[in-house]
Amino acid sequence: MIRLLVNRRSIRKYKTQKVECEKVDKLLTAALLAPSSRGRKPWGFLVVDDEDILKQLSQAKEHGSQFISKVPQVIVVFGDTMVSDMCVEDCSIAATYIQLEAERLGLGSCWVQIRERLTKKGTSSEGYVKALLSIPDHFMVEAIIAIGYPDEEKIPHNLDELDVHKVHYNKYKIMYPGHY
Ligand SMILES: Cc1cc2nc3c(=O)[nH]c(=O)nc-3n(C[C@H](O)[C@H](O)[C@H](O)COP(=O)(O)O)c2cc1C
């Protein structure tokens, strides 16, 4: 597992080839297996591989979403606010599961934040995505997860550079020598 986590990096350049259906299904299986508050599973997952819609999705934010126009497909992660008040947490975990399964399958992925973000015009990114994809009002949109075969190489994370000072024992700022 740690090896998977070390190797996972955010990929923003992808080959044009689409991801096979079986692999997309595995990503969705991973998402659907995520834990959720009270087991309510408030999430929804919308796979987009239509080039025109991807181009429009790339305009969802002023910064950080433009690369989506050249991604072969994305999975939009959204939550039903009428089912749970923990949509943010539940959708975040499900999105993370998608990213980890993508890494396991040799795919690249990148989280594009939508919740609490704005378009270039200063309107809500969530509203923009919901209107574009016909997602009803009572859903919140957490993120767009870009998926595809990487067309860039990134250096893996380094276990020697972990922020181990962020670990505390029993009370804030108590460190255990010889441990993290
Ligand atoms: C909550 C969250 C929001 C993010 N939003 C964006 C985004 O909008 N656009 C983007 O290109 N990357 C986004 N990222 C990816 C981060 O920039 C990336 O994870 C971080 O720089 C660490 O790099 P790594 O994923 O390669 O380890 C987001 C990641 C997270 C977890």
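Predicted model: local features only at pLDDT ≥ 70, side-chain atom pairs only at ≥ 80, totals over all residues.
1. Strand β2 spans residues 73-80 and is mostly covered, with 8 of its 8 residues buried. Gln73, Ile75, Val77 and Gly79 point one way from the strand, while Val74, Val76, Phe78 and Asp80 point the other way. Both sets are buried, including Gln73 and Asp80.

2. On pairing, β2 is joined to strand β1 (residues 43-48) in the antiparallel sense, over 6 bridges. Within this pair, Val48 stands opposite Val74 of β2.

3. Strand β4 (residues 139-148) also runs antiparallel to β2, and 8 bridges join the two.

4. Turning to the surface, a patch of negative charge is formed where Asp49, Asp50, Glu51 and Asp52 gather. Asp52 belongs to helix α3, which covers residues 51-57. Asp52 counts as exposed because its relative accessibility is 52%, and the cut-off for exposed is over 50%.

5. The other patch is nonpolar and has an area of about 680 Å². Its members are Met1, Ile2, Leu5, Leu159, Leu162, Val164 and Tyr180. Met1 lies in the segment before helix α1 (2-7). Met1 has 64% relative accessibility and therefore counts as exposed.

Key
Residues numbered from 1 in each chain as written. Heavy atoms only, no water. Buried < 20%, exposed > 50% of the residue type's maximum accessible area, 1.4 Å probe, protein only. Helix = DSSP H or I, 4+ residues; strand = E, 2+ residues; numbered from the N terminus. Pairing = 2+ DSSP bridges. Patch = residues over 30% accessible without salt bridge, like charges linked within 9 Å, V, L, I, M, F, W, Y side chains within 5 Å. Areas by Shrake-Rupley, 256 points an atom, 1.4 Å probe, with all protein chains shown as cover. Salt bridge = Lys/Arg side-chain N within 4 Å of Asp/Glu carboxyl O. Lys, Arg positive; Asp, Glu negative; His and termini not counted. Charge placed at Lys NZ, Arg CZ, Asp CG, Glu CD.
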